[in-house]
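Subject: Structure for you to look at

Hello,

Here is the structure I promised to pass on. Please open it alongside this message.

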Amino acid sequence: MSATRIRRIVTVDELTDIAEELLDKGFRLALTAAHDDGSVLLRIVYLFLAGRPDRRVELECLVPETDPVLPSLAYMSFPAGRFEREMMDLYGVRLHGHPRPRRLVRHAHWPDDWHPMRAGAENRPDFGGSGELRFLTVAGDGVYEIPVGPVHAGLIEPGHFRFSVVGETVVRLKARLWYVHRGIERLFHGRPATGAVELAERISGDTSAAHALAHSLAVEEACGITVSDEIHRLRALLVELERLYNHAADLGALANDVGFGLANSHALRIREQLLRINASVTGHRLLRGAIRPGGVVLQALPDPAQLSAIAADLAEVAELTLRNAVIYDRFAGAGVLAGGDARALGCLGYAARASGLTTDARLDHPTVDMPVTEVRADAGDVLARYTVRRDEFAATAALIPWIIENHSGPMEFERTSNDRSGTGVGIVEGWRGTIVHRVEIDAGRLTRAKIVDPSWFNWPALPVAMSETIVPDFPLVNKSFNLSYAGNDL
């Protein structure tokens, strides 16, 4: 069911008009990827997507390697402005007319003239400088700042949050990320086309199956590998199992953040059951090693009756949680993300659906026909994000038996690769939202991989949702989004 990807070469002068036309037609900018092929020109690729029906348009623009300058699209798209800042940092591309051309990926101690994704940038320079974090200071009577992080208690990854506060009310929140930037995209370069799925699985560890699938779909399109509906359904099964264990854990964690530890204990018990199912299905609790370009390998299929019992168990935990008046009061009205803000920021996944947006790659960009139930809410608060995930758990628990009932035959499939050169795009609805991978392959080896995790789109929504919210609600609001540091800080 893959859609045809329309590819167009455009000039610098044509870029803004064509991009504006696509956005006016309902497309969204899914990624922007710069390419340094070691020639006199840099290639900039813009991927625009629209769903129902599945439509994909790529614009490719060439700029001189010695002085790469492009017109900024930030005035028409907030995500475009952030993609552009990423290109400025990693490739040294200058964006004419960008309203806030500040660093995004590179922290203050990075050298001004070192762009790590450019050809010839392998040698790491001396990282000097103070590393000072600069934030907009909010002035006024009674305003004070609370710095949090980047090192946090517990096991979460590093991120710095700067609160400007009056009393307990947050006037402004600024998040600073990219402390765990690992150069993941460059690590793909030079690997065999079908030999990099292990790296894709480790982009964001709690989303191993979905990233492996997005990478595999991109490689298959680039290499001209066609797989059957049976393979697509078995892969979809794994992504849905991934959705279950993550949703279960977070429903408990949200209850725990308002003092209802009993619900969290039961949610963790349910998560453990689901992880054991994952291990029986794939041999790995986090579903690694099962999805690969051209195939899928399962050891067993889950028991539909067991999943049904788990779904009923979780539904009872959620009912007891929301029946508690204190918990309901803490959830309702906290961390509101209005639908208009979610749309302007380009939000994806349950964070967007809880604010009334229609977005689900299983329906927008399907690989196989499945009876997917789309769940939405309108309030955009913690309660809406909780109930959307509760209802998505129930919908997934009902979808998996359908997949099992419609499968017959083997559970192990392999397709032979080739040394074909080409480009490919993979789109998957992970548990957090839509994941997009784009790869370029030359003579059987990866020459470029661009990855966009939904957290990249959703992180800017957290400060917006925290506006006019009290400081003690930050852990609760933050958990209701539950964004990936690693998925953002590639």
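Predicted model: local features only at pLDDT ≥ 70, side-chain atom pairs only at ≥ 80, totals over all residues.

The protein is divided into domain 1, residues 5-96, and domain 2, residues 184-457. Their C-alpha centres lie 27 Å apart, and the contact draws on 28 residues from domain 1 and 26 residues from domain 2.

Together the two domains bury about 2200 Å², with carbon and sulfur atoms giving 52% of that area. On the domain 1 side, Arg 5, Arg 28 and Arg 52 supply 27% of the area buried against domain 2, more than any other three residues. Across this interface there are 6 salt bridges and 14 residue pairs in polar contact. The side of domain 1 that touches domain 2 takes at least two residues from each of strands E1, E2, E3 and E4 and helix H2; E2 gives the most, with 8 residues. Have a look at Glu 86 and Lys 450 too: they form a salt bridge whose closest N and O atoms are 2.8 Å apart.

UniProt, in an unreviewed entry, places the feature "domain: NADH:ubiquinone oxidoreductase 30kDa subunit" at residues 11-119. That stretch is 25% helix and 32% strand, and its end C-alpha atoms are 23 Å apart. Helix H1, residues 12-24, has Leu 15, Thr 16, Ile 18, Ala 19 and Leu 22 buried. Strands E1, E3, E4 and E5 are among the parts that cover these residues. Just after H1, Gly 26 takes a positive phi of about 95°.

Now for the salt bridges, of which the whole structure has 38. The side chains of Arg 5 and Glu 58 meet in one of them, at 2.7 Å from N to O. Arg 5 lies in strand E1 and Glu 58 in strand E4, so this pair ties together parts that are 53 residues apart in sequence. Both Arg 5 and Glu 58 are buried.

Arg 94 and Asp 67 also meet at 2.7 Å, N to O. Here Arg 94 is in strand E6 and Asp 67 in the loop between E4 and E5, 27 residues apart. Arg 94 counts as partly exposed because its relative accessibility is 46%, and Asp 67 counts as partly exposed at 41%.

Arg 438 and Glu 440 form a salt bridge at 2.9 Å, N to O, and both residues are buried. They belong to a salt-bridge network that also includes Arg 5, Arg 7, Asp 37, Arg 43, Glu 58, Glu 60 and Glu 221.

Best wishes

Note on methods
Residues numbered from 1 in each chain as written. Heavy atoms only, no water. UniProt positions renumbered as here; feature names shortened; annotations may be inferred. Helix = DSSP H or I, 4+ residues; strand = E, 2+ residues; numbered from the N terminus. Buried < 20%, exposed > 50% of the residue type's maximum accessible area, 1.4 Å probe, protein only. Contact = heavy atoms within 4.5 Å. Domains from an automatic or database assignment. Buried area = accessible area lost by both parts, 1.4 Å probe. Salt bridge = Lys/Arg side-chain N within 4 Å of Asp/Glu carboxyl O. Polar contact = N/O pair within 3.5 Å; in protein donor to acceptor, adjacent residues only side chain to side chain.
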